[in-house]
Amino acid sequence: MKYKNTIVTVLTLALFLSCATNPLTGNKTLAFVSNSQIFPSAFAQYDKFLSENNIVNGTSDSEMIQRVGQRIAVAAERWLNANGHEGYLKDYQWEYNLVNDKTVNAWCMPGGKIVFYTGILPIAQNETGVAAIMGHEVAHALANHGQQRMSAAYLQQGLGVVGNIAIKDEQTRNIFNQSYGVGSNVLGMLPFSRSHETQSDKFGLTLMAIAGYNPDEAAELWKRMKANSGGQAPPEFLSTHPSNDTRISNLQEWSPAAKAEAKKFGTNSFRPLGAF
């Protein structure tokens, strides 16, 4: 019992000490691993990925990805500076690459390393659609969602260890292990991931609007995403992402607020969709 109490105390202390502030929400978030540790590893992984894949350079599409990425990054810095987070991006190394791959996806690694696959461009349909995706990905980086997911995984593992130490009966311990794995995912990790996606959807609208792209197009993008999926998606509670319908509804609801925020930065009109 004394050993178990010691472990619980250590975990509680670790939770208290290992927190960071999310600049997008002002809330405390898990941060068991610092960005000074995460960023170099992420940058090395990104370089390795680029060396192993077909990077598109010198085309209008690749130049557009660069252009949109730079505009969104500038919007992010302007918003952060205006909200008391000067210098927040000093360790970020923004990079935007287009990869020749039919996969319908885009992603961002910690520290601002972004990849778009050519397979997502037909669904993006226009430069504003790309800006909606880019805003979402940049928001992930700003909120340190990679750091939070890694920290949550450590916490999940740690609580599992505590349970195994505390439960002495082997049969009960086996039942705990079976139920804990499923329960901690469905009730913990998956909702945690969905909250990150929702947070990035919302702040991504603000970033694209400040950068001069109409946030109304984000909901239209997800209507096309929904059509492309053909209805093949798991129930929302079993997914790392909100459902398409949830995202569309949320984006439509949040768009007016994103426009209002953009006006504070002098953005009173938006660029044409810029079809490609």
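**Notebook: rings, helices and a few buried residues**

I started with the aromatic rings, and ring pairs link F39, F43, Y88, Y92 and W94 into a cluster. For my own record, rings of Phe, Tyr and Trp (its six-membered ring) pair if their centres lie within 6.5 Å, with planes under 30 degrees apart counted as stacked, over 60 as edge-to-face and the rest as tilted. I am working from a predicted model, where local features need pLDDT of at least 70, side-chain atom pairs count only at pLDDT 80 or more, and totals for chains, interfaces and linings use all residues. Residues are numbered from 1 along each chain as its sequence is written, and side-chain values use heavy atoms, with hydrogens and water left out.

**Ring pairs**

How many aromatic pairs does the rule give? I get 7 aromatic pairs. For F39 and F43, I found the ring centres 5.8 Å apart and the planes at 35 degrees, so this pair is tilted. Both residues lie in helix α2 (residues 35–52), 4 residues apart, which is about one turn of the helix. I take helices (H or I, at least four residues) and strands (E, at least two) as DSSP runs, numbered from the N terminus. F39 and F43 are both buried; buried means under 20% relative accessible area, exposed over 50%, and partly exposed in between (1.4 Å probe, protein chains only).

Next I looked up W79 and F203, an edge-to-face pair with 4.7 Å centre to centre and 75 degrees between the planes. W79 lies in helix α3 (residues 60–82) and F203 in helix α7 (residues 170–210), so the pair ties together parts that are 124 residues apart in sequence. W79 is buried, with a relative accessible area of 9%, and F203 is buried at 8%.

**Charges over rings**

I then checked for charges over rings, which calls for NZ of Lys or CZ of Arg within 6 Å of the ring centre and within 35 degrees of the ring normal. The charged end of K113 sits over the ring of F43, 4.9 Å from its centre. R271 lies over the face of Y213, at 5.2 Å from the ring centre.

**Helix α5 against helix α8**

Two packed helices are described by the angle between their axes and the distance between the axes. I used lines fitted to C-alpha atoms as axes, for helices over the stretch in contact, with angles from 0 to 180 degrees between N-to-C directions. The axes of helix α5 (residues 127–142) and helix α8 (residues 216–229) come within 9 Å and cross at roughly 90 degrees. That makes α5 roughly perpendicular to α8; angles of 65 to 115 get that label, under 35 degrees is roughly parallel, over 145 roughly antiparallel and the rest oblique.

Which residues of α5 meet α8? I listed T128, G129, A132 and I133 in α5, meeting E217, A218 and L221 in α8. Contact here means heavy atoms within 4.5 Å.

**Two buried residues**

E217 is in helix α8 and counts as buried at 7% relative accessibility. Not counting residues up to four places away in sequence, E217 touches N126, T128, G129, R224 and L273.

S255 has its place in helix α9 (residues 244–263). S255 is buried, with a relative accessible area of 2%. With residues up to four places away in sequence left out, S255 touches L205, P215 and D216.

**Whole chain**
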